[in-house]
Amino acid sequence: MSVALLQVRELSKNFGGFTALDKVNVEVARGERFGLIGPNGSGKTTLINCVSGVLENDHGSIQFDGKEISGLPAYQRTRRGIARSFQIPRPFASMSVLENLLVPLEYVSHGKVEQAHDILRQIGLADKAETRSNQLSQVELRKLELARAMAARPKLLISDEAMAGLSSNEVGEVLEILFKLNATGITIIMIEHIMQAVMKFSQRIICLDAGRIICEGTPQTIVANPEVQKAYLGA
Amino acid sequence: MTRFLVGAIAVLALAASMPFVFQNEYFFFAGYVVLQLIVMATAWNILGGYAGYVNFGSGAFFAVGAYTAVALYKAFALPLGLQILAGAAASGLLGFGVGLLTLRLRGIFFSIATIAVAIILETVVVNWAYVGGAKGLPTLRPTDTPFFASHTVWLFFVMAVLAVIAVGAARYVETSWIGRGLRAIRDNEVAAECSGVPTLKLKLGAATLSGALMGAAGAPYAQYLSFIEPTSAFSLTHAVNALAMPIIGGMGHWIGPVIGAVLLGSVQQIVTVTISSEINVLVVGVMLVVFVVAAPEGIIGLFRKFFPARKR
């Protein structure tokens, strides 16, 4: 097997005196469907922020595609193939839905407008292409987050709670999209609170609690793990 | 592009033909101010309108252009064209430097930093005896102005050229990939960065260009007034005008600052002549409040609202 696509070693991040991540080690293989779970405040989004370059890690290394990327600005990481959606949607509100996709298309993948239309069709926003993105519903905004990440043609797509607040039908829709993307060879990291979705989607899951990995394994081993149960249920 | 080029040439031809229409030199004296406002408003809009970084220190960039020109004129008697280039270079450099130091700050912090820069630079100039310090420096106008009836008419034409260059530059920025990147920064900087937009580079580029254009607008200032002193060169009025005009005209489109500057600049000139020069600041203030409350997307926004079919 080739080198892992993403290799995070001994990654630490502090906010003042608060340790958000404490020597975290994660490896994600090429083409893998990888789940990241943990209670609120456990460091999932911080980990993703460090990987995507939104935050600078204090210690440790992040290797992507065999090269060290910690220290690089976020836009360069995106150009190397890491794209993400945001937990709280961050649309380019003055632009139409289509234009939102044109930003990564122009700056990263140098694709054509048709590709943006293709992505919108896949994700079910085709009829909203010309709508200004501040007119979208919450569900549509979450889809736009994914669509914009897809437009960067990433090797690794990080979906940060793309399904929060969606109905079970819509969760199914988004899952299907992510499965299809994965089938085309894109590695996917999914952060999610909707257990059914993560369990169904992920081949491997890591559970974070208070900035440390408390369990790693297949969905079955994760649910069976007493520490995970304790972290989630407080039992 | 060609349509814009034709328009630009037409505007310049119109400016050049004005001496045949108007004999009264005051027209050119007032027209110069309106054209200068177009350059300032357009320059401000590149950083403030497109990227959403509000510069309150426009007066500093204007004054650095003016004082660079004065210093070089006094030292080497440089011709006006070179003074303008040097003024633009100095203010562009200032834009880059200020950007490097402050553009990592977001929103209001950047704006506060620009005010600080203006105050610091004004203090420096007040204490710089070579260019007159606080009491100012009279500057002699060159006596010969070939092809033009008077020096004022010549300066009017020079400023018309600068206005066309500024608007052309702004339009290029707006319609190219740079413009989309700047808009993405304005809407959401983190998302822009994660969508592959090199935010710091683009902001620095915008700050440099914006500063350079303001410096160019300021360079002929001493010749225009035959005098320069720090209070008027660094005046907050420059900053207020530079941001009020794009807001009133509309910040999303290059024509917005032009409309705002022509409208407000003309009203100011008329008010100055007919009522009082003090009132014109009030005019800007009142119109700014009215537009921010009633039409936040400016005159362009109103136009689009009433003629929705017309797309830019």
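**View 1. The hairpin of S9(A) and S10(A) in the predicted model.** Two residues lie between the strands of this hairpin, and A:Ala210 adopts a positive phi near 50°. The flanking strands, S9 (residues 204-209) and S10 (residues 212-217) of chain A, run antiparallel and are joined by five bridges. Among the paired positions, A:Asp209 has A:Arg212 in S10(A) as its bridge partner.

**View 2. The open four-stranded sheet of chain A.** The strands follow the order S2-S1-S4-S5, and their pairing is antiparallel. At the edges stand strand S2 (18-28) and strand S5 (67-68) of chain A, each of which pairs on one side only. Strand S1 (residues 6-15) of chain A is linked to S2(A) by seven bridges in the antiparallel sense, and A:Leu11 is placed opposite A:Val24 of S2(A).

**View 3. Helix H1 of chain A against strands of chain A.** Helix H1 (residues 44-52) lies across S1, S2 and strand S4 (59-64) of chain A, and the helix runs at about 115° to S1(A).

**View 4. The contact of chain A with chain B.** Chain A contributes 22 residues to this contact, while chain B contributes 17 residues. On the side of chain A that touches chain B, the elements giving two or more residues are helix H2 (74-80) and helix H3 (97-109) of chain A, and the largest share, six residues, comes from H3(A). Classified by residue type, this side of chain A comprises 14 nonpolar, three polar and five charged residues.

Definitions and conventions: Residues are numbered from 1 along each chain as its sequence is written. Chains are lettered from A and ligands numbered from 1 in the order in which they are written. This is a predicted model: local features need pLDDT of at least 70, side-chain atom pairs count only at pLDDT 80 or more; totals for chains, interfaces and linings use all residues. Two residues are in contact if their C-beta atoms, placed from the backbone, lie within 7 Å. Ala, Val, Leu, Ile, Met, Phe, Trp, Tyr, Cys and Pro count as nonpolar, Asp, Glu, Lys and Arg as charged, and the others, Gly among them, as polar. Two strands pair if DSSP finds at least two bridges between them. Axes are lines fitted to C-alpha atoms, for helices over the stretch in contact, and angles run from 0 to 180 degrees between N-to-C directions.
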